[in-house]
Each structure stands twice: as C-alpha cells, then as structure tokens.
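Here are a few friendly notes to read alongside the model. Take the points in any order and keep the view open as you go.

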Amino acid sequence: MPYKINKKINQVLLELLTNLPAPRNAALSESTETLIKTAALKAAVISGALSLPAGALAFLTLLPDLVVVWKIQAQLVADIAAVNGKSKQFNRETLLYCLFGQEAFASEDLVVRIGQRFIVRRSSQKMFENFLGKLGLRIGRSLLGERIARWIPLVGAAVIARYSFNDTAKVGNTARELFSSEIELK
C-alpha cells in the first residue's frame, strides 16, 4: 500500500511540476502579502474541510488534499513571480524550491543562494525524476502524522487546517524572497 501512495505522489508531483500554472492577471494588481494571505486561507479551508471525515474515510481524502493545496501553492508562486516581474525565471526548479524549501535541493545544489542572488541550475529529466522519487518517499512517510490527526474529527481538522495555512504562507514567503532577488538561471 505505501508503494502505491508513493507512486501516486510521484505522478502528482511530476504533473504539477511539468504543467506550470500561468500567473493570473488579477494577481498583478495585488501585493504579495495579499496573495499569500488569500492562498493560505484558501488552502486552510480546503484542508480543514477535507479532513472532517473521520476513520477510514479520512484516508481517502489525504491525496486529494495534498493535490489541491499544492495547486494553490503553485499558483501562488506563479503569481508572486509575475508580480515581481520574474515570470521567465519561474520554472520547475524554482517552483520545487518554493514548495519544498532549501533542504529539498541540498544534495543536488540546484538552487543556491549567494548573498542577495540565487543561482538556479536546470536539472536533467533523469535527475529530476530521481529527485521526485526521493521526495515522494519523504512525503509518503510524513503523511502518517496527518493520518493520525484525521481520526479525531474536529480537532484534527483544525490542526490540519492550521498546518496547511502555515505551510502555504511559508511557500509564499519563500517565493517572495526568491523572486524579489536577482535570479541567475544556468
């Protein structure tokens, strides 16, 4: 069963990172702070609602919750890149960096910060797929805590909603820091 979940997570991540969202025109008139707060609230509401079912039914909502939240976060990153005039630097590596942070690329050195500048190295398809495999395993393992929280209906929903809010805000803040800096693509 864990293998199937990890495989599905890898498929979802590959799809998300291959089909990057275009920035929304409406986002260009908003501040990054507003974009972050709006996306974080949206993610929290969706995660909270999807985690309301208890027991075995709760397990069925895990992956849809992740997918919807990742799509909200990916759109947020695309919008922040556009607001900062950096849509051309928005690619799968910068999106992955924003979604999963610096530790995601620690061993590959694909995104490196040097002073106020970020160096982003493009990865080969094989390297990218290998990385997604490792990431899928890590995400699959971390779902255990979420599965436990989903057994407690209202309290679990509140905890998961808060986590989703904080995680989305963190993604937005990472994107703001990245796209407000000089980015060099290699």
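**Notes on the helices and the sheet**

1. Let's begin with a helix pair. In helix 2, the residues T32, L35, I36, A39, K42, A43, I46, S47 and L50 meet P64, D65, V68, V69, I72, L76, D79, I80 and V83 of helix 4. By type, the residues of this contact between helix 2 and helix 4 divide into 13 nonpolar, two polar and three charged. Please keep in mind that this is a predicted model.

2. Now for the geometry of that pair. Two packed helices are described by the angle between their axes and the distance between the axes. Helix 2 covers residues 32-50 and helix 4 covers residues 62-83; they pack at an angle of about 175°, and their axes are 10 Å apart. Because angles over 145 degrees count as roughly antiparallel, helix 2 is roughly antiparallel to helix 4.

3. Along the chain, S31 and N84 are 53 residues apart, and their C-alpha atoms are separated by 9.8 Å.

4. Helix 5 (residues 92-100) is worth a visit next. How many residues of helix 5 are buried? Nine of the nine are, so helix 5 is largely enclosed by the rest of the structure.

5. Within helix 5, have a look at E93. The relative accessible area of E93 is 0%, and since buried means under 20%, E93 is buried. Its side chain makes a polar contact with the side chain of R92, at 3.2 Å. The start of helix 5 also involves E93: a side-chain oxygen of N91 reaches to within 3.0 Å of the backbone nitrogen of E93. Just after helix 5 comes G101, with a positive phi of about 80°.

6. Which way do the paired strands run? Strands of a sheet pair through backbone hydrogen bonds, either parallel or antiparallel. Strand 1 and strand 2 run antiparallel and are joined by four bridges. Strand 2 (residues 117-120) and strand 3 run parallel, and four bridges join them too.

7. R113 has F118 in strand 2 as its bridge partner, while the bridge partner of F118 in strand 3 is I183. V120 stands opposite L185 in strand 3. Strand 1 and strand 2 form a hairpin with two residues between them, and in the turn G115 has a positive phi of about 65°.

Conventions:
Residues are numbered from 1 along each chain as its sequence is written. This is a predicted model: local features need pLDDT of at least 70, side-chain atom pairs count only at pLDDT 80 or more; totals for chains, interfaces and linings use all residues. Side-chain values use heavy atoms; hydrogens and water are left out. Two strands pair if DSSP finds at least two bridges between them. Buried means under 20% relative accessible area, exposed over 50%, partly exposed in between (1.4 Å probe, protein chains only). A polar contact is a pair of N or O atoms within 3.5 Å; within protein, one must be able to donate a hydrogen and the other to accept it, and residues adjacent in sequence count only if both atoms are side-chain atoms. Axes are lines fitted to C-alpha atoms, for helices over the stretch in contact, and angles run from 0 to 180 degrees between N-to-C directions. Angles under 35 degrees count as roughly parallel, over 145 as roughly antiparallel, 65 to 115 as roughly perpendicular and the rest as oblique. Contact means heavy atoms within 4.5 Å. Ala, Val, Leu, Ile, Met, Phe, Trp, Tyr, Cys and Pro count as nonpolar, Asp, Glu, Lys and Arg as charged, and the others, Gly among them, as polar.
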